[in-house]
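Colleague: I'm new to reading protein models. Could you walk me through this one, feature by feature?

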Amino acid sequence: MSSNTPYFGSPQSRVDGKAKVTGEAKYAAEFTAPGLLHGVVVSSGIARGKIAAIDTEAALAVPGVVQVFTHENRPRTAWRSKNYQDDVAPPGSPFRALYDAEIHYSGQPVALVVAEDFSTARHAAMLVQVRYEEAPHATDVVAVRGAAYVPPKKRSGIAPPPPPRGDAEKALDAAPHKVAGEYRIAIEHHNPMEPHATTVVWEGDGRITVHDKIQGAQNSQKYVSNVFGLSADKVRVISPFVGGAFGSGLRPQYQLFLAVMAALELERSVRVVLSREQMFTFGYRPDVLQDVSIGAAADGVLQAIRHEAISGTSQFEDYQEVVVNWSGLLYHCENVALDYKLAKIDTYTPCDMRAPGAPTGLFALESALDELAHALKADPLELRLRNYAEKDENEGKPFTSKELRAAYREGAERFGWSRRSPEPRSMREGRELIGWGVASGVWEAQMMKTSARATLTADGKLEVATATADIGTGTYTILTQIGADALGLAMEDVTAKIGDSSLPTSPVEGGSWTAASAGSAVLAACDMVRARLLGAARGLPDSPLAGAAMEDVSFANGRIGLSADPLRSLPLTEVMRAAGLDRIEEEQTASPSKEMQKTYSSYTHSAVFAEVRVDEELGVIRVTRIVDAVAAGRIINPKTARSQIIGGVVWGMSMALTEESLQDHNLGRFMNHNLAEYHVPVNADVHDIDVIFVQEDNDKGNPLGVKGLGEIGICGTAAAIANAVFHATGKRIRSLPITVDKLLGDVAVPAE
C-alpha cells in the first residue's frame with residue numbers, strides 16, 4: 001500500500017451507521033413485493049417419533065389462507081443428502097424440512113401456513129392439528145456419554161486433536177503437584193436482535209430474488225440451486241445488512257427452504273420469519289463435558305496436560321468444533337494427550353457460535369491452570385508466563401507473530417494486577433467480596449481465498465465489491481478505508497458493495513477471517529487499478545510521470561504523483577479524461593500463501609483481567625472491571641475494532657454468569673425459549689471494559705498484516721470471570737453459568 005495512509009489505522013465512524021440509525025438499512029424481513037404472501041411455521045410438539053396424522057382442514061378454511069404445506073403435499077425437491085449440504089455443513093445428512101413424517105427433535109417444522117397477511121397465517125397455524133406417535137428420546141449428553149464416539153469424518157476446516165506427545169499418563173503419575181476436574185458450559189442459543197427471516201421475490205419465468213438473513217449470500221444461493229434444481233442465474237440472494245448472526249447465519253436455516261418452496265410452488269412472493277420461540281429450534285452452542293488434568297513440578301513448570309471432551313450432536317450430523325486443541329497450543333508442555341468425542345442426542349444439530357469451541361475449551365483449561373496456581377501458591381499470571389509457548393507445539397511451527405507476553409504485561413499494568421492480594425476472600429469492601437482473575441485467550445488468524453472488484457469512474461468515485469457479508473462487524477467501513485487509501489481518495493468518494501450473490505466470490509463471513517481475506521482481495525483489485533492509472537498517466541503528452549515505476553509514485557488527495565516530488569502529480573480524473581477512460585474495472589483474487597501455511601501458524605492472542613464483586617450474603621455477582629489486552633496485528637479501524645472486543649467481552653460475561661438454555665429432558669425440549677427467561681446482560685450489568693491493542697507486526701500472515709477480531713473478545717473472558725469469582729469467594733465453580741444457587745450451595749462443583 002501507499003505510505004500515505006490517512007485512514008488505515010485511524011478511528012473512523014461506520015459508513016453504514018446513518019442508514020442503520022435512520023431505518024434506511026433494510027433487513028431480510030423488510031423487503032417487500034406486490035402481492036407478498038406470509039408464511040408461519042408450525043413446530044412439532046415432541047422430540048422423537050413420527051406424525052401419525054395431520055389435519056389442515058380448519059386452517060385452509062380460514063379466509064385469506066392460500067395453502068398449508070406439510071410432508072404430505074410438499075413439492076418434490078432433491079433427494080440426495082449432498083444437495084442439502086451447504087458450504088460449512090458438518091458430515092452427515094442435513095435436516096430437510098417437511099421431508100417425511102419422521103420427527104427428529106422438538107420444535108421441528110411440521111407445516112407451513114401461507115396466507116395473504118401475517119396475522120391470518122399466524123391464526124391459521126394455530127388450527128393445524130397434529131397427532132404423533134412418540135418414541136423414546138435422549139436429550140441429555142450425560143445420559144449418553146457412554147456411547148460417545150470419535151467422528152469418522154472430519155468437518156472441513158476443523159482440526160481434530162493432534163496425536164499425543166510424550167507420555168501424559170506417566171508424567172501425570174510422577175508430577176508432584178496435580179489438579180483434575182470436570183468442567184461444563186450450559187447450552188446457549190443465538191438470540192440476535194434480528195430473528196432469522198427470508199423474503200423471496202417471485203420475478204417470473206422461474207426466477208427469484210431471495211432476501212435472506214445469512215452470513216454468506218453465495219452459500220444460500222448454492223443451497224437453493226442445489227435443493228430446488230435451479231440454475232444459478234435464476235437465483236439471486238441479497239443480504240446487505242444482518243442484524244447480528246455470530247455463526248447462526250453461516251448455514252441456511254429452515255425458513256429459507258420453506259419460503260423458497262412456497263414461492264416456487266405458488267409462483268408468488270413469500271416471506272417467512274421465525275418467531276423468538278422458534279429461534280430455539282435450530283443450532284446452538286453444544287453441551288460439552290470436559291475432563292482436564294494438569295501435572296506440574298514444584299516450580300510450576302507444566303509436566304503433563306490431559307484434556308478430554310464429549311460434545312453433543314444431533315442424530316443426523318456430526319457437528320464438530322475445536323475444543324481441546326487449545327490445551328496443546330497455549331503453554332509449553334512436553335506431555336500432552338487430547339481427546340474429542342461426540343455423543344448423539346435428539347436435538348437439532350448444534351451450530352457455530354462466536355469462537356466455536358474456544359471459550360468452551362479455554363474455560364476448562366484456564367480454570368484448571370488457576371486451580372494449579374492456587375495449589376502451588378503461585379501468582380496465576382506468573383504461572384502462565386513461566387509456561388509460555390514460543391511456538392505452536394501442536395504442529396511444531398513458529399507463529400507468524402505472537403505478542404501475548406506483551407499483552408500480559410500491558411494488561412496487568414492497566415488493571416493494577418500487582419496490587420492483587422493472593423489469598424481468596426482477602427479483598428473486600430463492605431459486604432462485597434472482591435476477586436481478581438486472569439485468563440489467556442486465543443483464536444485462529446486465518447485468510448481465505450476471496451475475490452473482489454474495484455471500479456474507478458471518470459468522476460473520481462471508487463466502488464469496491466465482494467460477496468462477503470457485514471454482520472455488524474464493520475466490514476463496509478474497513479473495505480472503504482482500504483479502497484480510499486489504495487487510491488488516495490476521501491472515504492466519501494468510496495462505496496463498498498457486499499452481501500450480494502452476484503458479486504465476486506467470497507466465503508461466508510465467519511472465523512474472524514473477513515478483514516484479512518476480503519480486505520486483501522480489495523487491495524489486490526485496487527492495486528490493478530493503480531497500475532492501469534499509472535500506465536495511462538505515463539502515456540500522456542509531457543507527462544510528469546513518464547518513465548515512473550509503481551514504487552516511485554504515491555496516490556493521495558485524489559492525485560497520482562512522484563513520491564520524491566509531490567508537486568509533479570496529476571489528478572486521477574484528469575488522467576482518465578485525457579486517456580479517454582470512462583471507467584477502470586479490475587477483479588482480483590487474494591489467496592493465502594500455501595508455503596506460508598506450511599511454515600507458520602497464525603493466531604490472535606489476548607490477556608483478559610477481570611474484577612468481580614460478590615455480595616457475601618446474597619451471592620449476587622457483579623463484573624465491575626474488565627481489561628482485555630489483544631495482540632491482533634495491525635488494526636485497521638481502532639474505533640470499530642474496540643467495539644468488536646467489547647461485544648465479545650459482554651458475551652463472555654453472559655456465558656460466565658447468565659446465559660443458559662434449560663432443558664426438560666422428560667419432554668426433550670428447551671423451556672426458557674424467550675428473552676424474558678433466557679438471560680443476557682443488559683446495560684446495567686456492563687461496567688468498565690478497557691480494551692488495549694498491543695503492538696504486533698504480522699507481516700507473514702496476509703498482505704494487510706491484520707488478524708481478525710470477531711472471536712477473540714469472548715475467548716478467555718468467561719474463564720477470567722470464573723477465576724475472579726474463586727478469588728473473591730474461595731469457591732471453585734466448574735460449570736457455567738455461575739448462578740446464585742451454585743455459589744451459595746454446599747456443592748461447589750455441580751458438573752455431573
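Modeller: Let's start with burial: a residue is called buried under 20% relative accessible area, exposed over 50%, and partly exposed in between, using a 1.4 Å probe and protein chains only. Here, 62% of the 752 residues in the chain are buried. Keep in mind that this is a predicted model, where local features need pLDDT of at least 70, side-chain atom pairs count only at pLDDT 80 or more, and totals for chains, interfaces and linings use all residues. Residues are numbered from 1 along each chain as its sequence is written, and side-chain values use heavy atoms, leaving out hydrogens and water.

Colleague: What radius of gyration would a compact globule with 752 residues have, and what does the chain have?

Modeller: The radius is taken over C-alpha atoms, and the globule rule is 2.2 Å times the number of residues to the power 0.38. That rule puts a compact globule of 752 residues near 27 Å, and the chain agrees because it has 27 Å. Along its principal axes, the C-alpha trace spans about 85 × 70 × 50 Å.

Colleague: And how many helices and strands does the chain have?

Modeller: Both are DSSP runs numbered from the N terminus: helices are H or I with at least four residues, strands are E with at least two. This chain has 18 helices and 31 strands.

Colleague: How do I read contacts?

Modeller: Contact means heavy atoms within 4.5 Å. Take the contacts between residues at least 6 apart in sequence: 80% of them join residues at least 24 apart.

Colleague: Now a contrast, please. Where does Trp79 lie?

Modeller: Trp79 lies in the loop between β3 (65-69) and β4 (102-103). Its relative accessibility is 66%, so Trp79 counts as exposed. Beyond its neighbours within four places in sequence, Trp79 is in contact with Arg96 and Tyr99. Also look at Trp79 and Val227: they are 148 residues apart in sequence, yet their C-alpha atoms are 8.3 Å apart in space.

Colleague: What about backbone angles? Which phi does Lys377 have?

Modeller: Lys377 has a positive phi of about 55 degrees, although it is not a glycine. You'll find Lys377 in the loop between α9 (358-376) and α10 (380-386), and at 72% relative accessibility it counts as exposed. Arg425 also has a positive phi without being glycine, near 65 degrees. Arg425 sits in the loop between α11 (404-415) and β17 (428-429), and it is partly exposed at 38% relative accessibility.

Colleague: Is the peptide bond from Leu736 to Pro737 cis or trans?

Modeller: That bond is cis, with omega near 5 degrees. Pro737 lies in the loop between β31 (735-736) and α18 (740-744).

Colleague: Last one: which residues does the UniProt domain annotation cover?

Modeller: UniProt positions are given in the numbering used here, feature names are shortened, and annotations may be inferred rather than shown by experiment. The unreviewed UniProt entry annotates residues 22-136 as "domain: Aldehyde oxidase/xanthine dehydrogenase a/b hammerhead". In the model, the end C-alpha atoms of residues 22-136 lie 51 Å apart, and the span is 11% helix and 30% strand.
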